[in-house]
Amino acid sequence: MVPFKQIRAIYDQHSIRVYQAYNQSIAQSALAAQRFVSPPFKMERMTWIKPSFLWMMYRAGYGFKDRGQTQILAIDITHEGFRWALEHSCGAHIPHGMSREDWKVMKAQIPVRIQWDPERDLNHAALDHRSIQIGLSGEAVKRYVNKWVIRIEDIAPTAHEIYRLMRQGSDDATALAESLCPLERPYDLIKNHEAYG
């Protein structure tokens, strides 16, 4: 049984893979440079990275949800960067018992937000366990762009093919769509996932 909160991802000894979806301008400049280029990428905005492929497919509607998410990118980042983000994070929502004023002060001092959302299946249905989303702002965005990113890959064609297969609705097409999804495993370099967010 999958734990309620668990980081699952594609990773090797060098990097962990996260996903983001952008418009053509941001994505194409990032793919060409193999790093995010500002402009068009906005350094001052919070940017959310997601280790879950299927949660990214849900969020971007396989690349068809809106014009701002047509290009789905797989970004390999350093383990050191990923751990730094977790270690400099707080939850995305105000903690129970904390005043709104204290919450604003805390958020101003901490550059990363953690949110746990229901994991999704190929049809976007919510599952019983959660998937982590990591929001980067301020110093975290600068580190992400300038230090953490190792490689950026366009996975929109794969997303579109999975979408096409799922629309067919047959068992064979669904099985083929499942075979195109990456095999994510528990991120064992972080033992206590629930400590974050």
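These legends go with a set of close-up views of a predicted model.

**View 1. Helices H3 and H5 packed against each other.**
Here we zoom in on H3, which covers residues 79-87, and H5, which covers residues 139-148. Two packed helices are described by the angle between their axes and the distance between the axes. For this pair the angle is about 175° and the axes sit 10 Å apart. An angle over 145 degrees counts as roughly antiparallel, so H3 runs roughly antiparallel to H5. On the H3 side, the contact comes from Gly81, Trp84 and Ala85. H5 answers with Glu139, Ala140, Arg143 and Trp148. Sorted by class, the H3 and H5 contact has four nonpolar residues, one polar residue and two charged ones.

**View 2. The largest pocket.**
This pocket has a volume of about 540 Å³. Its lining takes in 21 residues, and those nearest the centre are Ala21, Tyr22, Arg45, Met46 and Thr47. Four elements each put at least two residues into the lining: strand E2 (15-22), strand E3 (47-49), helix H2 (53-60) and strand E6 (112-120).

**View 3**
By class, the lining of the second largest pocket has nine nonpolar, three polar and four charged residues.

**View 4. Met166 and its surroundings.**
Met166 belongs to helix H6, residues 156-168. Its relative accessibility is 13%, so Met166 counts as buried, the cut-off being under 20%. Set aside the neighbours within four places in sequence, and Met166 is in contact with Tyr62, Leu122, Asn123, Thr174 and Ala177. Glu178 makes a handy landmark for this view: Met166 and Glu178 are twelve residues apart in sequence, and their C-alpha atoms are 9.4 Å apart in space.

**View 5. The loop between H1 and E3, with Gln34, Pro39 and Pro40.**
Most residues other than glycine have a negative phi, and most peptide bonds are trans. Keep that in mind while looking at this loop. Gln34, which is found between helix H1 and E3, has a positive phi near 60° and is not a glycine. With 30% relative accessibility, Gln34 counts as partly exposed. Further along, a cis peptide bond links Ser38 to Pro39, with omega about -15°. Pro39 lies in the loop between H1 (24-33) and E3. The bond from Pro39 to Pro40 is cis as well, with omega near 15°, and Pro40 lies in the loop between H1 and E3.

**View 6. His124 in the loop between E6 and E7.**
His124 is not a glycine, but its phi is positive, at about 75°. The residue sits in the loop that connects E6 with E7. Its relative accessibility is 24%, so His124 counts as partly exposed.

Definitions and conventions. Residues are numbered from 1 along each chain as its sequence is written. This is a predicted model: local features need pLDDT of at least 70, side-chain atom pairs count only at pLDDT 80 or more; totals for chains, interfaces and linings use all residues. Side-chain values use heavy atoms; hydrogens and water are left out. Axes are lines fitted to C-alpha atoms, for helices over the stretch in contact, and angles run from 0 to 180 degrees between N-to-C directions. Angles under 35 degrees count as roughly parallel, over 145 as roughly antiparallel, 65 to 115 as roughly perpendicular and the rest as oblique. Contact means heavy atoms within 4.5 Å. Ala, Val, Leu, Ile, Met, Phe, Trp, Tyr, Cys and Pro count as nonpolar, Asp, Glu, Lys and Arg as charged, and the others, Gly among them, as polar. On a 1 Å grid over the protein atoms alone, a cavity is a set of points where a 1.4 Å probe fits but cannot get out, and a pocket is an open set with protein on both sides within 12 Å along at least five of seven lines; lining residues have an atom within 4 Å of a point. Grid points are joined across faces, edges and corners, and a volume is the space filled by probe spheres set on the points. Buried means under 20% relative accessible area, exposed over 50%, partly exposed in between (1.4 Å probe, protein chains only).
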